[in-house]
Amino acid sequence: MKKKKKMMLFIDGENVSAKKYPKIVNAVKKVGEIDDSRVYGLQKDTRTKKWSDKAKKDNLLKDIRLCGGPSKNKVDNKIKKDVNKTLNNNKNIDIVVIVSSDGGYADVVESAKKLQKKVVVIGEKNTPEKIRNISSEFIEI
């Protein structure tokens, strides 16, 4: 019997609109079954409030809200930290999915691949070539 692949989903709520959630779910279902999913944003960011609403309706989606004022790459850095922490603490994760059109995730993609993990990046048309090329798989939504 084939072992089920364990997959974690990390969504940059500042970078991708909550309107894209159905497309994200459809894309992820083609990759495998989600074990855990998280969406990140700033606590007082009205632009990402719709993500909080989605998380309230979807039991699998955890809403991670960061406190304090906005600062450059605050959400990105938290996602990177959580990806690395998850991979170090849970060796059973086989696939990491990052939803963002931000090229700033290249370092965490490379470190996950060094750990023999499949890294799928889901992004929009404006996603930089670098992140498209270093991911195990890139899915445009």
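**Helix packing and ring pairs**

The buried residues of H4 pack against helix H3 (74–89), strand S4 (93–99), strand S5 (118–123) and helix H5 (129–134). The model is predicted.

Visitor: Which residues of helix H4 are buried?
Guide: Helix H4 covers residues 106–114. Buried means under 20% relative accessible area. In H4 the buried residues are Ala 106, Val 108, Val 109 and Ala 112.

Visitor: Within what arc do the buried residues of H4 fall, seen down its axis?
Guide: The buried residues of H4 line one face of the helix.

Visitor: Which residue just after H4 takes a positive phi?
Guide: Helix H4 spans residues 106–114. Just after H4, a positive phi of about 70° is taken by Gln 116.

Visitor: How are the rings of Phe 10 and Tyr 40 arranged as a pair?
Guide: The structure holds 2 aromatic pairs. In the pair of Phe 10 and Tyr 40, the ring centres are 6.5 Å apart. Planes under 30 degrees apart count as stacked. Here the planes are at 25°, so the pair is stacked.

Visitor: Which strands hold Phe 10 and Tyr 40?
Guide: Phe 10 and Tyr 40 are both buried. The pair ties together parts 30 residues apart in sequence, because Phe 10 lies in strand S1 and Tyr 40 in strand S2.

Visitor: How are the rings of Tyr 21 and Trp 51 arranged as a pair?
Guide: Tyr 21 lies in helix H1 and Trp 51 in helix H2. Tyr 21 and Trp 51 are buried. Their ring centres are 5.7 Å apart. Their planes are at 85°, so the pair is edge-to-face.

Technical notes
Residues numbered from 1 in each chain as written. Predicted model: local features only at pLDDT ≥ 70, side-chain atom pairs only at ≥ 80, totals over all residues. Heavy atoms only, no water. Phe/Tyr/Trp six-rings, centres within 6.5 Å; stacked < 30°, edge-to-face > 60°. Helix = DSSP H or I, 4+ residues; strand = E, 2+ residues; numbered from the N terminus. Buried < 20%, exposed > 50% of the residue type's maximum accessible area, 1.4 Å probe, protein only. Arc of directions from axis to C-beta. Contact = heavy atoms within 4.5 Å.
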